[in-house]
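Trainee: I would like to learn to read a two-chain model feature by feature. Could you take me through one?

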Amino acid sequence: MSSFSVTEPSAPQKWFAGTLVVLYAVITILPLLWIIGTGFKSPSDAIAYPPKTFFEPTLEGYVNLFTTRTRVSEEQLKEMGEPKTWYERLVRKDGLIIAGPSRFPERFYNSVIIGFGSTVLCIVLGTAAAYAFSRFKVPLKDDLLFFILSTRMMPPIAVAIPIFLMFRSLGLNDTHAGMILLYTAVNLSLSVWLLKGFIDEIPIEYEEAALIDGYTRFQAFYKVVLPQAATGIASTAIFCLIFAWNEYAFAVLLTSGTAQTAPPFIPTIIGVGGQDWPAVAAGATLFLVPVMVFTILLRKHLLRGITFGAVRK
Amino acid sequence: MAQIRIENVRKEFGAFTAVQSSSFTVEDGEFFMLLGPSGCGKTTTLRMMAGLELPTSGQIYIGGEEVGMKRARERDIAFVFQMFALYPHMNVRKNISYPLVSQGMKKADVAARVAEVARILRIEGILDKPVGGLSGGDRQRVALGRAIVRNPKAFFMDEPLGALDAEFREHMAGELRALHDRMGATTVYVTHDQLEAMQMGDKIVVMNHGVIEQFGRPQQIYDWPATKFVAKFIGSPSMNFLEFEGMIGVGGDSIDLAGKKVAVPASHEGRAGTLTLGVRPEHVRFVDDSSYRGRVIAVEYLGTTQIVTIDTPNGEIKARTPSTQAARTDELVGLDFNERTLTLFNAETGRALVSEANEGVLRRG
């Protein structure tokens with residue numbers, strides 16, 4: 001505990017602090033709300049000046065996000081008869097018809113596979129390495145740990161070209177495995193260091209007690225250490241996922257077709273049929289959901305995890 | 001239950017020798033103390049017995065079986081840790097039943113065993129509580145419960161009372177000893193607290209710098225320390241050391257201390273040079289007509305007794321005398337020592353000279 005005197009803050013202090021927090025929250029969340037809002041605007045509302053705060057919501061952006069459309073002549077349009085579905089009706093207003101589904105679901109799915117795949121791999125490898133570094137006598141332990149950390153000392157993008165060339169000759173370009181491998185490599189140092197910190201804090205006596213109580217080293221690890229490290233694993237997983245999920249530069253460089261993730265795909269929507277900001281905003285909104293859900297699910301652990309080491313039991 | 005025998009066990013951590021070739025035997029059903037200051041190798045010795053460390057060399061026998069290189073789980077022993085090491089993600093019942101679950105025991109049998117242990121330790125009421133909120137004493141009982149539930153061959157305890165409040169420690173020490181007497185289980189107990197060791201142990205091993213200094217019953221060790229280290233470590237206030245130049249021959253039964261002839265138990269070893277006379281504070285007597293005199297420099301009143309610090313020709317000593325005996329600061333007093341209880345040490349090596357009084361004790365160690 002700190003040695004600061006604990007006194008009730010005065011009313012103006014509380015008011016001031018409260019205002020600051022609210023102000024900060026508003027500033028942070030406003031662009032997000034604007035994007036979510038734009039997703040429900042019509043294209044003309046989206047680029048209206050002055051910007052429209054109130055507008056008639058439409059799902060056009062979402063329809064455009066999930067479909068590709070082509071322009072047809074009015075005669076052709078008449079020949080086709082009445083639109084059968086609500087989304088076809090939305091598209092017809094602009095003299096378009098739906099040509100087929102867009103690639104967005106595919107890209108989104110790629111993001112999920114690559115993001116969660118690399119996160120899982122990072123956690124599995126990171127936990128194993130961190131446990132070994134924490135519990136066993138590893139030759140050159142400090143040097144190895146420093147080496148692992150040093151991989152983070154330059155921005156990963158600095159080695160983009162060597163990686164591109166390596167990936168090309170290994171046939172890893174534009175593959176899920178390649179992207180999972182890359183994001184795992186970038187995140188692993190963070191994962192090892194964070195997890196080592198958490199595992200160091202777990203008294204070794206728990207495992208020793210389990211060893212004496214008749215369990216093998218591996219049983220002791222997953223029955224006693226893992227539950228104790230859950231907090232650390234959860235917060236590390238969130239950090240890893242957020243990085244892999246949001247990564248843009250490598251994704252642009254190394255993926256184009258099969259393994260392209262959502263971040264490089266979303267900006268390309270804009271080129272299809274004019275400046276379709278609502279569709280871009282809709283894509284960005286949906287893109288936020290998995291990380292948000294993941295973080296909310298693990299937030300109890302995250303709050304404890306981020307402050308790890310700050311409070312000793 | 002089983003006898004435990006340690007033979008020439010040695011442990012090195014890199015260049016550092018934690019335990020130097022040590023041997024001793026813990027008899028079946030004994031409450032056995034490993035005593036020494038921190039860093040003396042007592043915990044390492046215990047951990048080697050438990051299988052948490054492997055000895056660099058030497059043999060460890062539990063119940064006649066050589067287990068030195070076996071894993072902890074193959075030794076059928078229980079360990080109580082200083083910090084208790086209760087599994088924090090399990091409640092009390094799960095903690096206690098955990099060692100049984102690993103053996104694949106049937107659920108009904110586990111429940112019965114846990115209930116029985118809970119009754120012995122009087123913790124039936126907290127079985128379903130999480131271990132996080134328990135008091136120190138209850139945690140201690142749960143840790144004991146986890147140890148006894150399996151009926152292991154031996155209990156190993158590493159300063160199990162160290163984490164408790166001073167006043168509660170004494171109570172728990174009594175409870176532990178009573179539990180041991182009821183179960184008759186071989187117990188090896190590590191402590192740095194000499195009082196705890198004296199109070200609870202059937203036998204004590206005193207260690208220092210990885211070396212066994214002495215091995216014996218508490219009273220033997222207290223009365224006839226084998227080394228100056230043991231003499232200093234055990235007893236409070238500790239044994240007085242009067243250093244002097246002199247000699248004693250084989251069979252000699254007196255020494256010359258600053259001109260006074262002091263009777264000692266007949267020596268079996270001769271030595272000339274620097275000697276140390278060891279005398280417990282309670283064996284210093286005030287005798288008015290003694291030629292060996294000292295000046296009182298402090299008096300500590302302790303109720304029925306008092307500790308008198310006296311400046312003598314051979315250094316400062318402390319005497320424990322009845323409070324009724326007057327002693328004033330700056331007073332000159334004549335001193336005498338109870339000859340039956342004196343030990344002579346070789347001042348250079350710190351080892352006790354063998355005499356007729358201590359030979360039986362020293363030979364055992």
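The dialogue below goes from chain layout to helices, cores and single residues.

Trainee: What should I know before I start?

Mentor: This is a predicted model, in which local features need pLDDT of at least 70, side-chain atom pairs count only at pLDDT 80 or more, and totals for chains, interfaces and linings use all residues. Residues are numbered from 1 along each chain as its sequence is written, while chains are lettered from A and ligands numbered from 1 in the order in which they are written.

Trainee: How many helices and strands does chain B have?

Mentor: Start with the definition: helices (H or I, at least four residues) and strands (E, at least two) are DSSP runs, numbered from the N terminus. Chain B has 9 helices and 20 strands. Its C-alpha atoms fill a box of roughly 75 × 45 × 35 Å along the principal axes.

Trainee: What percentage of chain B is buried?

Mentor: Count C-beta atoms, placed from the backbone, within 10 Å of a residue's own: 20 or more others make it buried, 12 or fewer exposed, and anything in between partly exposed. In chain B, 44% of the 365 residues are buried.

Trainee: How do I read contacts in chain B?

Mentor: Two residues are in contact if their C-beta atoms, placed from the backbone, lie within 7 Å. Take the contacts in chain B with a separation of 6 or more: residues 24 or more positions apart account for 66% of them.

Trainee: Which domains divide chain B?

Mentor: Domain bounds come from an automatic or database domain assignment. Here they give domain 1 (4-223) and domain 2 (228-364). The C-alpha centres of domain 1 and domain 2 of chain B lie 37 Å apart. At their interface, 11 residues of domain 1 of chain B are in contact with 8 residues of domain 2 of chain B. On the domain 1 side, β9 (203-208), β10 (211-216) and α7 (218-223) of chain B each supply at least two residues. To sort that side by class, count Ala, Val, Leu, Ile, Met, Phe, Trp, Tyr, Cys and Pro as nonpolar, Asp, Glu, Lys and Arg as charged, and the others, Gly among them, as polar. The side of domain 1 that touches domain 2 divides into 4 nonpolar, 5 polar and 2 charged residues.

Trainee: How many residues of chain B are in contact with chain A?

Mentor: The count is 17 residues of chain B, in contact with 13 residues of chain A. Both β6 (77-80) and α2 (92-102) of chain B supply at least two residues each to the chain B side. By class, that side has 13 nonpolar, 3 polar and 1 charged residues.

Trainee: Where does α11(A) bend?

Mentor: A bend at a residue is the angle between axes fitted to the seven residues ending there and the seven starting there. α11(A) bends by about 55 degrees at A:Ala230. Check the span too: the expected value is 1.5 Å times one less than the number of residues. For the 30 residues of α11 (residues 217-246) of chain A, a straight helix would span 44 Å, but the end C-alpha atoms span only 37 Å.

Trainee: What does α14(A) span?

Mentor: α14 (residues 277-297) of chain A has 21 residues and reaches 31 Å from first C-alpha to last, close to the 30 Å expected. A kink of about 25 degrees lies at A:Val289, shortly before the proline A:Pro290. Buried residues in α14(A) include A:Pro278, A:Gly283 and A:Phe287. Their cover includes α1 (11-38) and α6 (104-135) of chain A.

Trainee: How many residues has the largest nonpolar core?

Mentor: A nonpolar core is a set of buried Ala, Val, Leu, Ile, Met, Phe, Trp, Tyr and Cys residues joined through C-beta atoms within 7 Å. The largest has 142 residues, and B:Phe156 and B:Val188 have the most contacts inside it. Its largest share, 12 residues, comes from α11(A). Domain 1 and domain 2 of chain B each give this core at least three residues.

Trainee: Why is B:Ile248 classed as buried?

Mentor: B:Ile248 is buried because 21 other C-beta atoms lie within 10 Å. This residue lies in strand β11 (residues 240-248) of chain B. Beyond four places in sequence, its contacts include B:Ile255 and B:Leu344.

Trainee: Is A:Thr53 buried or exposed?

Mentor: A:Thr53 counts as exposed, because it has 7 C-beta neighbours inside 10 Å. A:Thr53 lies in the loop between α2 and α3 of chain A.
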